[in-house]
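Please consult the sequence and the structure while reading.

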Amino acid sequence: MSLEKRKIDKILSSTDQDSAVKSIPVMEEQQISDKEVENISTENKAQTVSSPFLPSYAKSYSQTHIESTILDHTWKIDQFMRFCEIKNTITFPSFPEIGQCEILMNMSRQDNWQINVIKCYILTNNSFCGSCTTTITCAPRQYFSSNFISGHISDMTLLIEFSTERFSFDRTGALIVHCKFEIFHNLINKAIRMNLLPSLTEFSNDVTYFEDSTVDKFRCKDEESIEFVVGKKQYVISRKLLRATNSSYFKYICLTHKEKVKDMTDELVTDNEIQSFEQILMYITTGSIEQRYYMLKNLLTATDKYDVPTLKLACEHYLLRCITIENAVELIQLAFSSNAKFLETNLAIFIKFYIKEITDAKTFKSLSRENSIKIMELIEKSKPLEISTRKFSSPFMADKKFTLANIGFT
């Protein structure tokens with residue numbers, strides 16, 4: 001092997017972070033001078049570039065939930081037929097501001113002393129915000145009625161009312177009243193906002209172009225073109241446009257390929273590889289890309305392989321528009337394999353926001369230990385969520401930002 005070829009092989013196997021070339025074929029018939037090789041590897045000067053094609057785009061997500069405590073209370077009344085009205089005390093140990101309450105049961109009777117309506121009220125000196133599900137049954141487990149209320153619960157709030165006309169009672173039977181109270185503490189609102197157009201600083205860190213001493217060699221050839229044969233199609237692209245991609249792969253072709261035709265048949269094997277490379281060539285000539293989700297995933301892999309940084313960042317940008325709880329794990333694995341840092345960072349924020357839903361999904365549980373640990377580490381380092389808290393106060397209606405509905409059903 002000649003000295004020139006050994007030097008080229010050394011360049012292609014380099015792990016220099018500024019070069020993302022994954023696989024560039026070396027054509028034996030081409031000769032490169034020592035000076036040209038040195039220019040590629042040692043005289044590159046990185047400069048920042050802006051993104052001329054990415055539109056400004058932002059996504060935001062919000063979740064609201066209530067922090068609460070549940071208290072179950074069961075009250076059994078033996079020989080309840082003997083009573084017209086009776087009370088029972090409930091203590092809320094976790095809520096000294098509520099203290100003790102009472103349940104008042106009132107049984108209306110007809111002239112023949114048969115019960116026709118049963119009502120239950122709550123008696124309290126301190127109103128509160130919450131809900132209560134009240135169920136009344138008659139032993140042995142004959143179901144009568146259930147009612148749910150939610151909102152501002154104050155003194156003499158009706159918990160349940162039902163007619164007993166369709167039921168017959170055992171005079172010695174027991175009535176069971178079950179109340180499930182849920183006391184609301186705080187209203188929590190979580191939010192994230194993702195600006196999907198990276199800042200100039202972020203873009204500069206990921207995307208560079210190179211000025212080297214070979215520029216003069218290419219000026220006279222800028223208007224020359226290379227015809228790429230991809231499958232059954234041909235794409236004729238000027239060397240000037242190829243160099244403007246800032247891709248070390250296409251710069252290498254411009255430097256080494258002396259012929260006018262570049263046949264990609266041996267390099268592109270699968271249909272996905274062919275379609276993705278065609279998309280890269282279309283981007284170089286038109287500046288546009290196809291934005292279908294499936295195509296963007298394949299294209300991101302290809303842009304990493306062929307080191308087309310501006311197109312790679314565009315793919316990340318458009319893929320972030322497609323995030324869902326269902327595909328977040330798939331996308332972050334793609335980001336790992338393609339070294340797509342912008343996509344990776346924003347996905348970590350999204351996963352952090354929907355952490356329970358995503359980690360409970362089969363796709364997350366089937367991850368390798370290595371990837372699941374990597375995701376959790378990213379989440380830990382990601383931007384904190386925006387969290388606002390509103391305490392439920394009494395009276396509840398004093399807070400005009402939100403109100404709770406009083407809902408009831410029998």
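Two residues are in contact when they have heavy atoms within 4.5 Å of each other. Among contacts in the protein between residues at least 6 apart in sequence, 70% join residues at least 24 apart. The model is predicted.

## Overall composition

The secondary structure of the protein comprises 14 helices and 14 strands. Of its 410 residues, 46% are buried, a residue being counted as buried when its relative accessible area is under 20%.

In soluble globular proteins, nonpolar side chains tend to be buried together. In this model the largest nonpolar core contains 60 residues, and those with the most contacts inside it are F228, F250, F277, I280 and L281. Helix α11 gives the most to this core, contributing eight residues. A separate core of 32 residues lies apart from it and includes M107, I122, I136 and F144.

Which residues does F250 touch, not counting residues up to four places away in sequence? The list consists of F228, L242, T245, F277, I280, L281, I284 and V308.

## Packing of α9 against α11

Helix α9 spans residues 309-320 and helix α11 spans residues 341-353; their axes come within 8 Å and cross at roughly 20°. Angles under 35 degrees count as roughly parallel, and α9 and α11 are therefore roughly parallel to each other. Their crossing is right-handed.

On the α9 side, the contact involves L313, E316, L319 and L320, which meet K341, F342, L343, N346 and L347 of α11. By residue class, this contact of α9 with α11 divides into six nonpolar, one polar and two charged residues.

## Packing of α7 against α8

The axes of helix α7 (residues 271-286) and helix α8 come within 9 Å, with a crossing angle of roughly 75°. Because angles of 65 to 115 degrees count as roughly perpendicular, α7 is roughly perpendicular to α8. From α7, the residues in the contact are N272, E273, Q275, S276, Q279 and I280; from α8, they are Y294, M295, N298, L299, A302, T303 and K305. The residues of this contact divide into five nonpolar, six polar and two charged.

Residue K297 also belongs to α8, which covers residues 293-305. Is K297 buried or exposed? Its relative accessibility is 18%, so K297 counts as buried. Leaving aside neighbours within four places in sequence, K297 is in contact with L319, E330 and L334. One of these partners, L319, also takes part in the contact of α9 with α11.

S131 is placed in strand β6 (residues 128-138). With a relative accessibility of 5%, S131 counts as buried. Beyond residues up to four places away in sequence, S131 touches F148, I149, S150, I153, K180, F181, E182 and F184. The C-alpha atoms of S131 and I70 are separated by 9.4 Å, although these residues are 61 residues apart along the chain.

H185 is found in strand β9 (residues 174-195). Its relative accessible area is 26%, and H185 is therefore partly exposed. Not counting residues up to four places away in sequence, H185 touches E67, S68, T69, F95, R390, K391 and F392.

## Loop residues with positive phi

Most residues other than glycine have a negative phi, and most peptide bonds are trans. Where in the chain is Q79, a residue other than glycine with a positive phi value near 50°? The loop between β2 (58-78) and β3 (85-91) contains Q79. This residue has a relative accessible area of 31%, so Q79 is partly exposed.

N246, likewise not a glycine, has a positive phi of about 65°. It is found in the loop between α5 (239-244) and α6 (248-256). N246 counts as buried because its relative accessibility is 10%.

Note on methods
Residues numbered from 1 in each chain as written. Predicted model: local features only at pLDDT ≥ 70, side-chain atom pairs only at ≥ 80, totals over all residues. Heavy atoms only, no water. Axes fitted to C-alpha atoms, helices over the stretch in contact; angles between N-to-C directions. Helix = DSSP H or I, 4+ residues; strand = E, 2+ residues; numbered from the N terminus. Parallel < 35°, antiparallel > 145°, perpendicular 65-115°, else oblique. Left-handed = near helix turned anticlockwise from the far one by under 90°. Nonpolar A, V, L, I, M, F, W, Y, C, P; charged D, E, K, R; others polar. Core = buried A, V, L, I, M, F, W, Y, C linked by side-chain atoms within 4.5 Å. Buried < 20%, exposed > 50% of the residue type's maximum accessible area, 1.4 Å probe, protein only.
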